[in-house]
Amino acid sequence: MSSIRPLESAGPAPAPIADTSYRNYDGPLRPPRFGWWIVARMMTRLAWKRKGFWVLLFFSLMPYLLPAFLLYIRSQDQTRLLDMLAQRSFSGIFYDAFAGAQLWIFLLALLVGAASISGDNRANALQIYLSKPLTKNSYLLGKWTGIFGVLAAASLLPAALLYLYCWGSFTDEGFLSENPYLWLQVLTATLLPPALHASFLLGVSAWFKRPLLAGGIYAGIYFGSQILAGIVSLILRRVGQDEASVTALHCSVPGVLRGLGQHLVDTLPGFYGLPIRAANPMSQSAKPELLPLVLLCVGLVVLGLVLARVRVRAVEVVRG
Amino acid sequence: MSIASLHNLTVRYGRRTAVSDLSVEIPEGAVGLLGPNGAGKTTLLKTLMGFIRPASGSGEVLGLRLGREGLRIRQRVGLMPELDCHIPGMNAVSFVSFAGELCGMPSAQALRRAHEVLEYCGLGEARYRDVETYSQGMRQRIKLAQALVHGPSLVFLDEPTNGLDPEGRDQMLALVRDVSHGKGVNVVVSSHLLPDIERTCDRVIVMKGGAVVAEGEIAALREVAGSQVDVELREPSEGFLAACRVRGLAVLSVTGPRIRLGFPEPLAVPQAREVSTPASSPDFARVLFSVAREAGAQVRGFHPARRSLEDVFLEALE
C-alpha cells in the first residue's frame, strides 16, 4: 500500500527560480530638474487612495448641484413658483455655489494637506527626500503643487460642469450675454481657495510632527479667525460703521476667500441662487473693501510659504 | 583611488565645532567610520551628502565638488539614514520605486528595479505591505533597498544594525558585506560597533572629537609592531613556558593553552625582499617545535600575533 509523503519531508527547500543577487543599475537617470513633479504626483496618488477624499469630493459637488437642480426646475416649472430664482444673476448663482463649497474645500485641504509635511516629520521622511537629488525648494514646490492640484480639481470641476450646463441650457436666457467673461471670473475665483489653503496649510504642517495636531491648529485658525472677524464686524455694525463692518467680517481665512470671490465674480452674496433679504443679518449692502482683502490673502500665502521654508531641513541642527 | 576626499574641513553647529580641520581620503571598497558617540561620524556623512554646509574647507565626492554639485552627488550616492524613516502611506514597492524616481529613474525602470532590490534585501514576500506595519529589521532592510535602488556608486550606511536582534544583525551585515564586495558599490559604514565594522569593511577611519585619529587597512592596523606570535597548545604546559624563556623568547601573555611569544627582533630571511614574520619563518618553526618536544607539549597551531579591532580602537582614542 502506498502512502503520500507530507511536503515537509520532501527535502530541503529549493533555490529560488529568480536570480535574487544584486545587479547594478546602468539604465538612464534623468537630470534632477523635475523632482517636484514626482513629489506632486505622489501626493495626488496618495490622496486618491483615501476614501475620505471621494466622500469630500462628492460633498464639494453638492453646492453646485443644488443651483443646477433649481435652475432645471425653473426651466421646467410652468407655474413660475421659482420665479424668485430668476431675480438672481448667473454670476450670483456661481458665487453662491462657490461660497457654499468652501467648507468642503477646507475639509479636503485638511485631509490632503495637514499631513503633507507633518507626516514626513513624524516618519523622518525628509532624510529620504533630501538625500535624493531634490532641493528643499523642489520638495516644497512638489508638496504645494500636490495639495493645490487636488483642491483645484475639487473646486474647478463642479464649477466647470455648472458652467457647461448653463451654457447649454440658458444661453437663450442671456447666460453668455449677461457676462461674457464669467468663465474667467469663475476660473480665478475657484483657484483662489486651493492656492491659499495649499500655501498656508503647508506652513502650518511644517511645524508639527503630528498630522492631527497640524490639522487641528489649522482648523482652529480657520474657524477662530471667522469667529473673531464676526465679533469685530458686529461691534462695528452696532456703532454704525456698516462699510467697515462688512470688510471686518471678511478678515478671516474663510472670509477673505468669500470677499475676494465677490470681487472676482462681481456680485453680492445670496443663498444657493436665491437672494438674501435685506433684513437678514447675513445680507450685505456692499462688497468688502478690496485692498485689505488682497493684502490679507497675499500675507497668508507668503506667511505659509515662509514658515514651511524656514522649518524644512534634512537634518535637525541643534545650535549650541 | 579615493571615492571622497576632504581638505581642512570644519563643520560648526553655532559655536560648537563638530568636525575640526579634517583632511582625509576615503578609498574605494568598504570603509568603516568608527568613533565613540559624538565623534563627528554622522556630521561627516551629512556634510558629504550636502545636508550641512561646512564652515571652511573643501572636498570632493566621486570627483564632484562638495557644496557646488550637491544634486549630482546625491544622484550618484545612496544614504541609509540612522533614524527609522519611511514615507507615510506607501507600501514597500511604491516607496522604493518612488525613491528611484526621485533619483531620476524613469517610472517603469524604477518599478522593475524596486522589485529586484526588495528581493535582494529579503523583502520580496512583504513588498506589498504598508511600510508602517514593518518590524524593525524589515525597516532597516527597506532603508537599504531605497539607498540601492538607483544603482549608486557609493552608499553611506549610518548605523545599519541599529535596533536589530542578533539574527537580523547577521543578515544585515551579510547584505552589506555582499553588496560592497565585487558588486561595484563602494560603501562607507558609520558605526560605533566594532564587530560590525570588522565583519563588513576592509579599511577603517577612526574619529574622535571631530578629527581623524587613525586610518588604514584593518588587517594592517591589527598587526602587532615587532615580532610576536600566538601559539596554541593542546593543553597548558608550564614546561613549555620555561623552555621558551631558556631559548630567549619572551612570554608576553598566557590565556589557558594560548600563549603570545615575543622576539627581540624580527627574523629576516636572507635574499628575500620582505622581512618575514616569525610565524612564516622556517627558523621559528624549528625553534618552536624543538621547545615543544623538550617540554613534552603538543602545538596545535601558531600565527603572527594580531590585536583585536577593539585594541586598535582604544589605542587610537588614547
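**Entry 1: ground rules**

I noted that the model is predicted, that local features need pLDDT of at least 70, that side-chain atom pairs count only at pLDDT 80 or more, and that totals for chains, interfaces and linings use all residues. Residues are numbered from 1 along each chain as its sequence is written, while chains are lettered from A and ligands numbered from 1 in the order in which they are written.

**Entry 2: the two chains**

I began with the helices and strands, which are DSSP runs numbered from the N terminus (H or I with at least four residues for helices, E with at least two for strands). Chain A has 13 helices and two strands. For chain B I found 11 helices and 14 strands.

Next I looked up burial. A residue is buried if 20 or more other C-beta atoms lie within 10 Å of its own, exposed if 12 or fewer, and partly exposed in between, with C-beta atoms placed from the backbone. Of the 320 residues of chain A, 41% are buried; for the 318 residues of chain B the figure is 44%.

I also checked contacts, where two residues count if their C-beta atoms, placed from the backbone, lie within 7 Å. Taking contacts between residues at least 6 apart in sequence, 85% of those in chain A join residues at least 24 apart. The C-alpha atoms of chain B fill a box of roughly 75 × 45 × 40 Å along the principal axes.

**Entry 3: where the chains touch**

How many residues of chain A are in contact with chain B? I read off 37 residues of chain A, in contact with 40 residues of chain B. On the chain A side, α1 (35-48), α5 (115-122) and α6 (126-130) each supply at least two residues. That side of chain A divides into 22 nonpolar, 10 polar and five charged residues. For these classes, Ala, Val, Leu, Ile, Met, Phe, Trp, Tyr, Cys and Pro count as nonpolar, Asp, Glu, Lys and Arg as charged, and the others, Gly among them, as polar.

I stayed with α5(A) for a moment. Seven of its eight residues are buried, so α5(A) is largely enclosed by the rest of the structure. The buried ones are A115(A), S116(A), I117(A), S118(A), G119(A), D120(A) and N121(A). Just after α5(A), N124(A) takes a positive phi of about 55°.

**Entry 4: two helices crossing in chain A**

I looked at α10(A) (residues 211-238) and α12(A) (residues 253-265), which pack at an angle of about 70° with their axes 6 Å apart. Axes are lines fitted to C-alpha atoms, for helices over the stretch in contact, and angles run from 0 to 180 degrees between N-to-C directions. The two helices are therefore roughly perpendicular to each other, a label for angles of 65 to 115 degrees (under 35 is roughly parallel, over 145 roughly antiparallel, the rest oblique). From α10(A) the contact uses I221(A), Y222(A), S225(A), Q226(A) and A229(A), and from α12(A) it uses V253(A), P254(A) and G255(A). These divide into five nonpolar, three polar and no charged residues.

**Entry 5: a buried strand in chain B**

Is β8(B) enclosed or open? Six of the six residues of β8(B) (residues 186-191) are buried, so this strand is largely enclosed by the rest of the structure. N186(B), V188(B) and S190(B) point one way, and V187(B), V189(B) and S191(B) the other.

Then I traced its partners; two strands pair if DSSP finds at least two bridges between them. Strand β3(B) (residues 30-34) pairs with β8(B) in the parallel sense over five bridges, with G32(B) partnered by V189(B). Strand β7(B) (residues 154-158) is also parallel to β8(B), with five bridges, and F156(B) has V188(B) as its bridge partner. Between β7(B) and β8(B) the chain crosses through α6(B) (residues 166-180), a right-handed β-α-β crossover. Right-handed means that, with the strands pointing away from the viewer, the path from the first strand over the helix to the second runs clockwise.

**Entry 6: antiparallel pairs in chain B**

I found an open sheet of four strands in the order β2-β1-β4-β5 (chain B), with antiparallel pairing. Strands β2 (16-27) and β5 (64-65) stand at the edges with a single partner each, so one side of each is left without a neighbour in the sheet.

Last, I followed β12(B) (residues 250-255), joined to β13(B) by five antiparallel bridges. Their hairpin has two residues between the strands, and G256(B) takes a positive phi near 60° there.
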